[in-house]
Every structure is written in structure tokens, then in C-alpha cells.
Amino acid sequence: MLVKESKVFDLIEKMRTHYTKNIYNRYLRKALITMQIPQSTWDLLDSIAERADFFKVQGYQLDELYDRIIAAAQFIFHARKDVIPNLRFLLSGGGESYFSRSSGDSSTDKVLGEMAVKNFPVNLKIYSDLVNELYLTVAELDRNMNKNKTPVYEKIPELKQIGQYLVTEE
């Protein structure tokens, strides 16, 4: 069964926009790529960010959506655990950091970099909320599509950990 619900595509578009502009941007990318997550997780995140239009035409299988939700949730978990506590350190190493750029670089660029760092925890929380909303929406569609059968989400054990991945540890 293909999912072609506009609400799902609207949420994915919001996720894509927020991810590319506020999370995986040129200021933070260097820190994020240090995370120890499998390449398959990065590929699924890229498919949300880069291939949304393809899936808008084709539609998603439920298991494809759940795979992307799990990947995004794992990304959030590792970003909170591994990146947020060490963000400035991760970005300060080497000569290519915006913290260590020459004085000839734009002060606007430096300000934008500082803003990206300061707002990263909040932006990650927003992304987490979007992932959770997508999960709840897809799970509801799943239940409606499989009224007399077991929903797909009950067959995917990793989905039982979604709450642990998305909950903020503050």
C-alpha cells in the first residue's frame, strides 16, 4: 500500500527544510559528520532531504516511511548525545572552522556561525518534534490502512525505541 497523503508530504517537506537550513548546514556539518552512525542512516536522511520530490510522485511504502523515521530519530539521539556537549570543540579543530577563519572573512558569516551553534539544541528539538509528528501521522494511517490486520509498525521492533530516541534528556 502506497502512502500519498498530503499531510505526510507536508511534514516531510517541513523536515527537509528545517534539516537543511538549521541542522545540516555549512556551519554545523563538520561536527555532525563525526557522529558514529551507519552510512545507511545517512543515506535515509539524504533521501528525506534530497529525494522528497521523487517520493511525492511515486508515494511511500509504509516500511520506507518507518525506515526514514527511525533514521531521523537515531540521528537526533546521536546528535544530542555526541554533538551537543562537544559542539564548539568539534567545530574548533583544524584550520577550516569558522571560529578560526582569518579576519578577512565576513563578520556576517561569523555571526551566522555563532547563531547556528547557539540555536542547534533548539533546532534539534524542533526537528525531533517534526519527526514525532510524522511518526504519529504515519502510524495513524497505518492503523486505518490495516483495520483488520496487524499494523506494519507493530512488525518493526526498532519503532519501540522511537520515544527513547526523541525524548530530550534535560
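Ten aromatic pairs are counted in this predicted model, where rings of Phe, Tyr and Trp (its six-membered ring) pair if their centres lie within 6.5 Å, and where planes under 30 degrees apart count as stacked, over 60 as edge-to-face and the rest as tilted. Because the model is predicted, local features need pLDDT of at least 70 and side-chain atom pairs count only at pLDDT 80 or more, while totals for chains, interfaces and linings use all residues. Residues are numbered from 1 along each chain as its sequence is written, and side-chain values use heavy atoms, with hydrogens and water left out.

**First stop: Trp42 and Phe75**

Select tryptophan 42 and phenylalanine 75, whose ring centres are 5.8 Å apart and whose planes stand at 75°, so the pair is edge-to-face. Tryptophan 42 belongs to helix α3 (residues 39-50) and phenylalanine 75 to helix α5 (residues 62-83), so that the pair links distant parts of the chain, 33 residues apart; helices here are DSSP runs (H or I, at least four residues), numbered from the N terminus. Tryptophan 42 counts as buried at 11% relative accessibility, and phenylalanine 75 counts as buried at 0%, where buried means under 20% relative accessible area, exposed over 50%, and partly exposed in between (1.4 Å probe, protein chains only).

**Second stop: Tyr66 and Tyr135**

Next select tyrosine 66 and tyrosine 135, where the ring centres lie 6.3 Å apart with the planes at 65°, so this pair is edge-to-face. Tyrosine 66 is in helix α5 and tyrosine 135 in helix α7 (residues 107-145), so the pair ties together parts that are 69 residues apart in sequence. Tyrosine 66 is buried at 0% relative accessibility, and tyrosine 135 is buried with a relative accessible area of 15%.

Now select Tyr19, Tyr24, Trp42, Phe75 and Tyr127 together, which ring pairs link into a cluster. Within this group, tyrosine 24 sits in the loop between α1 and α2. Apart from neighbours within four places in sequence, tyrosine 24 is in contact (heavy atoms within 4.5 Å) with Tyr19, Arg29, Leu32, Ile33 and Trp42.

Select α3, in which Thr41, Trp42, Leu45, Ser47, Ile48 and Ala49 are buried. What covers these buried residues includes α1 (6-23), α2 (29-32), α4 (52-58), α5 and α7. Helix α3 has twelve residues and reaches 16 Å from its first C-alpha to its last, close to the 16 Å expected at 1.5 Å a residue, the expected span being 1.5 Å times one less than the number of residues.

Moving to α1, its 18 residues reach 24 Å from the first C-alpha to the last, close to the 26 Å expected at 1.5 Å a residue. The buried residues of α1 are Val8, Phe9, Leu11, Ile12, Met15, His18, Tyr19 and Ile23.

Not counting residues up to four places away in sequence, histidine 78 touches Met35, Gln36, Ile37 and Val83.

Finish in helix α7, where valine 111 is found; valine 111 is partly exposed, with a relative accessible area of 47%.

How values were computed. Helices (H or I, at least four residues) and strands (E, at least two) are DSSP runs, numbered from the N terminus.
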